[in-house]
Amino acid sequence: MTAAASLYRPSTRVLTVRRGLWRFLRKQPLGTIGALIVGLFVVLGAIGPYVVPYDTSALAVGPRLSAPTLDHPFGTDAFGRDQFSRIIVGARLSVFVGFGAVAIGTGAATVLGLWVGYVGGKVDMVVQRVVDGVMAYPPLVLALVAVGVLGPSALNVTLVLGVLMIAANSRVVRGSTLAIKESTYVEAARVVGAGTPRVIVRHVLPNVVSPLIVIATVSLGTVILAEGALSFLGLGVPPPTPSWGRMIGGEESRFYFASNPSLVLFPGIALTLVVFAFNMFGDALRDVLDPRLRGE
């Protein structure tokens, strides 16, 4: 092979990534569809406010309670606002709340799970009893109480949903840590004098990354659905900020959906598609990253 040809030869890492992507596309068709929907959802959240045809807070941009038309593909609400524009812009709120809450919940759960799982003893026992107490209550009830006390806002909803994720996610990380810390290579690291922080960061953490990725991906759909439920109950982001949950259960649609089903149909489809996409993508990642599920 000539020197010029070798310059264009893909590296081993690139070839590995290509093979992994091809295997994912071939063996996980639902996961691929979910990934495409997730990608579209994230793009809409980033650029939605700049490409929508109407201002989402502008009133009477069309006839009140209009059925879908060429000018308003998803119709208008009781205030004459364009439903299509509000659904597109509402994706940004779901992106902010979903990714923010998952970052908080997964990050804190990782630190807590690694610590109590590796240290063990009385610390682990006390923390697990607290986790049991938190998990004994329905998460939505706790979220309703917390948001009701703090007040409805995007930041408060994100913080509350993120904190509520810590208990369940930390238990998953703890379980993985308990299994990994008994491994031969971890014992060898301790024998040669590696301290607890070094063992956790260098040897335990890299081996819990795979379940963490799956947890984070599946949790995104759960968080977005929870935000929609809070908005539906009037404890989400206050108007006029577009929210899929508020569009389904807010005053602009609650009393009119019987005569104009498009008021709840299109935001409901958007919410369902996104939650479905994240769940399918998370399940596919679990199958790919877990050797036991891919027959290796």
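**Exercises around helix H4**

H4 is followed by Gly 120, whose phi is positive, near 65 degrees. Keep in mind that this is a predicted model.

**Exercise 1.** Work out whether the span of H4 fits its 37 residues.

*Solution.* Start with the expected length: at 1.5 Å a residue, counted over one less than the number of residues, H4 should span 54 Å. Now check the ends: the C-alpha atoms there lie 53 Å apart, so the two values agree.

**Exercise 2.** Describe how H4 (residues 83-119) crosses H10 (residues 209-232).

*Solution.* Take the axes to begin with: they come within 8 Å and cross at roughly 135 degrees. Angles over 145 degrees would count as roughly antiparallel and 65 to 115 as roughly perpendicular, so H4 is oblique to H10. As for the hand, this crossing is right-handed. Sorted by class, the H4 and H10 contact has ten nonpolar, five polar and one charged residues.

**Exercise 3.** Which residue forms a salt bridge with Arg 174, and what does the pair tie together?

*Solution.* The structure holds four salt bridges. In one of them, Arg 174 pairs with Asp 124, and the closest N and O atoms are 2.7 Å apart. Then place the partners: Arg 174 sits in H7 (residues 154-180) and Asp 124 in H5 (residues 121-135), so the bridge ties together parts 50 residues apart in sequence.

Key:
Residues are numbered from 1 along each chain as its sequence is written. This is a predicted model: local features need pLDDT of at least 70, side-chain atom pairs count only at pLDDT 80 or more; totals for chains, interfaces and linings use all residues. Side-chain values use heavy atoms; hydrogens and water are left out. Axes are lines fitted to C-alpha atoms, for helices over the stretch in contact, and angles run from 0 to 180 degrees between N-to-C directions. Helices (H or I, at least four residues) and strands (E, at least two) are DSSP runs, numbered from the N terminus. Angles under 35 degrees count as roughly parallel, over 145 as roughly antiparallel, 65 to 115 as roughly perpendicular and the rest as oblique. A crossing is left-handed if the near helix is turned anticlockwise from the far one by less than a right angle, and right-handed if clockwise. Ala, Val, Leu, Ile, Met, Phe, Trp, Tyr, Cys and Pro count as nonpolar, Asp, Glu, Lys and Arg as charged, and the others, Gly among them, as polar. A salt bridge is a side-chain nitrogen of Lys or Arg within 4 Å of a carboxyl oxygen of Asp or Glu.
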